[in-house]
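Welcome! Here is a short tour for someone meeting this structure for the first time.

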Amino acid sequence: MNKKIAVIILAAGKSTRMKSDIPKVLHPICGRPMLGYVLDLVKDLKIKKAIAVLGHQQEEARKFLGPGIKVVIQKRLLGTADAVKKALPLLRNFKGTVLVLYADNPLLKKETISKLLKYHTENNLDATLLVAKIDDPSGYGRVLRDKYSSICGIAEEKDADDFEKGIKEINTGIICFNKDSLAAALKYVTPDNRKKEYYLTDIIGILYKRGGLVDALRIPDVNEALGINSRADLARANAIMQQRINEEFMRNGITIVDPGSTFIGYGARIGRDSTIYPFTVIEGGVRIGRRCRVGPFAHLREGTELKDDALAGNFIEIARSKLGVKTLVKHFCYLGDSRIGNLVNIGAGSVTANFDGRKKNTTVIKDRASIGSDTVLVAPVRIGKGAVTGAGSVVLKNVSDKATVAGVPARILKPKR
Ligand code: UD1
Ligand code: CA
């Protein structure tokens, strides 16, 4: 279906309202730059022709886009119509539908965009808007309708009069265009407004006046419409996305005791019958096997992997570490850069001292080892199979298989059994 569809992603905007030095589209939602969610849409909808409009000094955004998406640079941010105009030369020989996506609109679902595209093509329209009816429309462009209730334009917040401001039907920013109609109408857009910008939304009025066919599809879930302009919007989007992520896990057989206090990053994986207890943060790259227990008050950071039946309990921080099958770390611990085998028990308060002031060092703990409470493992260090460390040990040297060490610094108590 999607050969005849091209997408233009508008991402050049600055972070003015975010008051940020980082481009807005790179601010994370559930641990992932918001631009990523829009890229997912393009991928999921299998749209082959995609162009992103970036501002200058957006090298990082460009890196994040990866191959397959063409980039045009909009040097001066003259408005959304100007941004689209900059992308059009790359579609010179293209005929079909142009879908415009705003990169600050991360909550849209692919089903919604599919429906919009279908509606647009089936009805052979010049432009199809994705609209929503919301209680507080402030900040959004309002959809104007004539006396036959046909869409005749969009009034931007800054230019809207009191009557228009009262309209609760808003433009989500997502619009499908017939490419030729878009190209023709763009010529008539002027910066004749309060912001002195070229508004893409002016095209709707222009098409109407020129006898074009404009219609809209309304999304039922208003959350999808949320555009991120401020830090408060960002927090709102984060909460909605978090709810979606948590619900997806629950659908797949994971128990989340209190979804409201469980923060799981985009892309984390959790096996079925695992339970996540309250006040837990699980970052995006984390892998958790089946029947694991995590939390309460656990922080599993990037690069962490828990094999089946492992347990990371109360007040645990784990970073870049692997825990084997049935390994238990139950209370107050920090494990960083460690490779821990199966059936290991790590006592309360144990810590890997992984940073020597210059670099991170690795701790290896082999199968069935038992780490006594309050052990400090000064990395790089290796604890052998079945080895034991006494409570309060500070382990500076490798411990061989089955040996028991204790003290500060830890010495062998019992040699190999
Ligand atoms: C825009 C719409 C508004 C809609 C709202 C939905 C226009 C004129 N208004 O307003 O009708 O209700 O989105 O969230 O389009 N951008 C560029 N180049 C520019 C300007 C913007 O690439 O010169 C990009 C931004 O990075 C952003 C998107 O276009 O991703 C939208 O721009 P923004 O300034 O956020 O528009 P809104 O004021 O939110
Ligand atoms: Ca916006």
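## The second largest pocket

Helix 8 gives the largest share of the lining of the second largest pocket, seven residues. Helices (H or I, at least four residues) and strands (E, at least two) are DSSP runs, numbered from the N terminus. A pocket is an open set of points on a 1 Å grid over the protein atoms alone, where a 1.4 Å probe fits, with protein on both sides within 12 Å along at least five of seven lines; lining residues have an atom within 4 Å of a point.

The volume of this second largest pocket is about 690 Å³, the space filled by probe spheres set on grid points joined across faces, edges and corners. It is lined by 23 residues, and D40, D44, M241, R244 and Y266 are the closest to its centre. The lining divides into nine nonpolar, three polar and eleven charged residues; Ala, Val, Leu, Ile, Met, Phe, Trp, Tyr, Cys and Pro count as nonpolar, Asp, Glu, Lys and Arg as charged, and the others, Gly among them, as polar.

## About the model

This is a predicted model, in which local features need pLDDT of at least 70 and side-chain atom pairs pLDDT 80 or more, while totals for chains, interfaces and linings use all residues. Residues are numbered from 1 along each chain as its sequence is written, chains are lettered from A and ligands numbered from 1 in the order in which they are written, and side-chain values use heavy atoms, with hydrogens and water left out.

The largest pocket has a volume of about 1400 Å³. Among its 46 lining residues, R17, K24, D104, K195 and N229 lie nearest the centre.

Two of these names return at the calcium ion (ligand 2), which D104 (OD) and N229 (OD1) coordinate at 2.2 to 2.5 Å. D104 sits in the loop between strand 6 (97–102) and helix 4 (110–122), and N229 in the loop between strand 11 (214–218) and helix 8 (231–251), so the pair ties together parts 125 residues apart in sequence. Donors are N, O and S atoms within 2.8 Å of the metal (3.2 Å for Na, K and Ca); water is not among the atoms, so sites may look incomplete. Both D104 and N229 are buried (under 20% relative accessible area, 1.4 Å probe, protein chains only).

## A buried histidine

H120 lies in helix 4 and is buried, with a relative accessible area of 2%.

Notes:
Buried < 20%, exposed > 50% of the residue type's maximum accessible area, 1.4 Å probe, protein only.
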